Amino acid sequence: MPVVSDLDTPLEVVAMAALSLGLVFSGSCHEDIAQALMSVLMERDAAALEKDSLTRLICVGAGLLYMGRQGQVEIALELAKAVPGQVGAYCTLTLETCAYTGTGNVLKVQRLLGLAGEHLQKDDDDEDEPATAAAPAA
């Protein structure tokens, strides 16, 4: 875990190490690893984390630790809520999704399906992408 905890380690290496730890310790609720992964998300620069897509792998690694462990995920969910921005929201959703996988909790599944059906609102700063799809040939 020194690789994950070191702030000088590149984010690519941290993300792969986090995913590997999540896969190896899947469903174990290993507190030390979970705390190390959450501290990575809290200590690193929020803007840099939101810009890099590999940040998602850190969240997936944390989620894998709680695979199918709906009762033990509460502390990790509270820590994920402390992570600023979109990364915190994604981490919370990932933790919740992994923790309730295969549990048969109908209310949670309905909530997650509702979230899957929602569309994100575009910001005013986003430029509309031009419709450049080719028309089918007649």
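**Pockets and core, point by point**

Author: The second largest pocket has a volume of about 180 Å³. Keep in mind that this is a predicted model.

Reader: What makes Glu31 the one charged residue in the lining of the second largest pocket?

Author: Glu counts as charged, along with Asp, Lys and Arg. The lining holds Cys29, Glu31, Ala34, Gln35, Tyr66, Gln72, Ile75, Ala76 and Leu79, and it divides into six nonpolar, two polar and one charged. Glu31 is therefore the charged one.

Reader: Which helices each supply at least two residues of that lining?

Author: Helix 3 (31–43) and helix 6 (74–81) do.

Reader: Thanks! Now the largest pocket: why are Arg56 and Ala89 called lining residues?

Author: A lining residue needs an atom within 4 Å of a pocket point. Arg56 and Ala89 are among the 23 residues that line the largest pocket, so each has such an atom. Both also belong to those nearest the centre, as do Gln86, Tyr90 and Leu120. The space in this pocket is about 760 Å³, and helix 7 gives the most to its lining, with seven residues.

Reader: What makes Val4 a contact of Leu37?

Author: Contact means heavy atoms within 4.5 Å, so Val4 and Leu37 have heavy atoms within that distance. Beyond its neighbours within four places in sequence, Leu37 also touches Ala18, Ile58, Gly61, Ala62 and Leu65.

Methods
Residues numbered from 1 in each chain as written. Predicted model: local features only at pLDDT ≥ 70, side-chain atom pairs only at ≥ 80, totals over all residues. Heavy atoms only, no water. 1 Å grid on protein atoms, 1.4 Å probe; cavity = no way out; pocket = protein on both sides within 12 Å on 5 of 7 lines; lining within 4 Å. Points joined across faces, edges and corners; volume = space filled by probe spheres on them. Helix = DSSP H or I, 4+ residues; strand = E, 2+ residues; numbered from the N terminus.
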